[in-house]
Amino acid sequence: MFVKTIALWCFLVTVKGKVRRFPDTLSFGVATASYQIEGGWNASDKGEHIFDHLAHTTNKMVDNGDVACDSYNQHERDVEMLKELGVDFYRFSISWSRILPEGFSHNLSQDGIAYYNSLINDLIDANITPSITLYHWDLPQNLQDMGGWRNPLMVDYFADFAEVAFKTFGDRVKTWITFNEPWVVCVLAPIWFSVSPAKSLNGIDEYICGHNLIKAHAKAYRIYDRIYRSAQRGRVGWTLSSSWHEPITQSAADIKAAERTLQFNLGWFAHPVFSREGDYPQVMKDVIAQKSLQQGYPRSRLPEFTTEEIAQIRGTCDFFGLNHYTTNLVRMQTNASKEPSYFDDQFTEILQDPTWLSSASPWLKVVPWGFRNLLNWIRKNYNNPETMVFENGFSDSGNTYDIDRISYHNQYLNVLLDAVEDGCKVSAYAVWSLMDNLEWLEGYNDRFGLYYVDFNDPRRPRTPKASALYFKSILETRIIERDLKNSRLF
Ligand code: GBH
């Protein structure tokens with residue numbers, strides 16, 4: 001397997017044909033998240049978080065992150081891999097309950113802090129920029145028991161946590177991502193967590209969660225501005241996930257439906273921060289208000305921001321963080337459901353084209369042109385913000401000879417260059433993920449890594465896949481083949 005990998009690499013670096021060069025303004029990295037790689041779930045005084053709880057008290061997860069990639073004990077190896085790849089930055093997340101065992105900032109875990117200090121210092125020594133996500137979903141269980149993101153006090157608790165991180169690590173960390181994918185936190189998590197602490201209220205909980213989360217982000221940003229920015233000179237933003245949504249036909253109804261879907265997915269969080277006027281997208285305000293009234297509610301299920309809040313939230317990102325993987329097709333669908341539902345509020349049907357090549361994850365189809373459309377949609381809607389792609393990746397269930405992953409990244413990076421030529425200001429690109437890891441509810445079956453991890457071996461050895469060598473060659477040469485399809489490999 002290894003020999004095959006080396007042979008492939010030699011072939012790729014000598015491949016002749018048309019190549020394209022990346023602009024110097026684009027930096028490359030890889031991404032991970034705490035629960036997906038760390039393990040050490042109860043190391044020292046770490047507190048329990050919602051995934052620990054879910055894994056240990058329900059059968060909703062096919063596997064758990066108790067050990068995962070064991071990065072809690074092996075971060076030196078992780079840094080070695082990052083050096084092998086030659087990345088500019090490493091995006092990882094802090095586990096809230098590892099540094100604040102009870103969720104609150106009155107009690108700090110010295111061991112938890114020491115772990116992240118050591119990782120950060122090793123990265124700096126290796127000349128790799130640490131980019132930290134504060135919240136990649138692993139909410140302390142205590143806070144979930146208090147209602148989780150339903151609870152407006154979460155705004156303060158999150159800001160307290162963010163402030164501990166700024167204060168403790170901000171002398172060395174200059175890129176902060178408050179939240180990974182608010183949409184997942186508010187739409188998927190209630191589905192995942194419907195057993196705890198109470199059953200979720202469809203069409204209500206999602207919007208309350210979003211409301212609190214947006215305010216929590218803005219509060220953390222304002223704290224950084226007020227107290228830390230002048231001394232630390234870092235940047236703060238968040239990263240939003242969105243598929244591209246393509247109308248299934250060119251009918252006016254389907255075109256509007258696709259646009260509405262983008263607004264409900266991406267605009268929900270992007271519009272309050274990046275648009276000139278702030279607040280939720282108009283279409284969300286209109287549609288949800290109208291449906292709520294039809295359903296007999298006295299007011300919209302979408303909470304309202306005050307004028308002051310709108311101003312506080314607007315502009316609270318120094319970059320547009322984007323996680324992007326795939327594309328959907330959208331059809332307009334009428335419905336007049338009595339029951340409130342975030343999905344029914346959009347009155348659309350979401351599909352994919354059965355001819356699109358699939359990854360191991362059923363939702364993830366290879367549709368590179370959607371990436372270009374999405375980057376341009378962001379450029380046009382939000383006044384061409386600096387866009388940092390913090391996740392893009394492909395899953396398989398195979399071994400180290402991962403041709404489909406190479407092809408995916410080749411195609412998506414080519415399209416990224418097309419978008420740059422269109423005028424999009426893309427300044428970062430991170431592969432999800434450095435190594436195979438716990439794919440949430442899917443367990444260890446869907447592998448996204450550039451490095452293969454053997455989860456049957458207690459030492460969790462990591463082996464570079466062909467894609468690791470491919471990515472390394474891109475970082476070294478800063479060029480990419482325009483088309484791999486003509487090569488003998490494909
Ligand atoms: C990222 O989210 C996460 O940030 C990362 O932790 C994760 O490992 C990575 O994706 C790969 O999945 O099952 O039809 O309901 C990407 C955005 C949104 C993609 C939710 C999967 C589920 C679709 N994700 N989506 S479905």
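## The ligand and its surroundings

A polar side-chain atom of tryptophan 432 sits 3.2 Å from an oxygen atom of the ligand. Taken alone, the ligand exposes 570 Å², and the protein buries 74% of that (accessible areas come from the Shrake-Rupley method with a 1.4 Å probe). A quick note on the source: this is a predicted model, where local features need pLDDT of at least 70, side-chain atom pairs count only at pLDDT 80 or more, and totals for chains, interfaces and linings use all residues. Residues are numbered from 1 along each chain as its sequence is written, and side-chain values use heavy atoms, with hydrogens and water left out.

| Side chain | Distance to a ligand oxygen |
|---|---|
| asparagine 180 | 2.9 Å |
| glutamate 181 | 2.8 Å |
| tryptophan 432 | 3.2 Å |

Around the ligand there are 14 residues, and Gln36, His136, Glu181, Glu439 and Trp440 come nearest (a residue counts if one of its heavy atoms lies within 4 Å).

Now for the backbone. Most residues other than glycine have a negative phi, and most peptide bonds are trans. Glutamate 181 is not a glycine, yet its phi is positive, about 55°. At 7% relative accessibility, glutamate 181 is buried (under 20% relative accessible area, with a 1.4 Å probe and protein chains only). Serine 44 also has a positive phi, about 50°, without being a glycine. The peptide bond from tryptophan 432 to serine 433 is cis, with omega near 15°.

Terms used:
Polar contact = N/O pair within 3.5 Å; in protein donor to acceptor, adjacent residues only side chain to side chain. Buried < 20%, exposed > 50% of the residue type's maximum accessible area, 1.4 Å probe, protein only.
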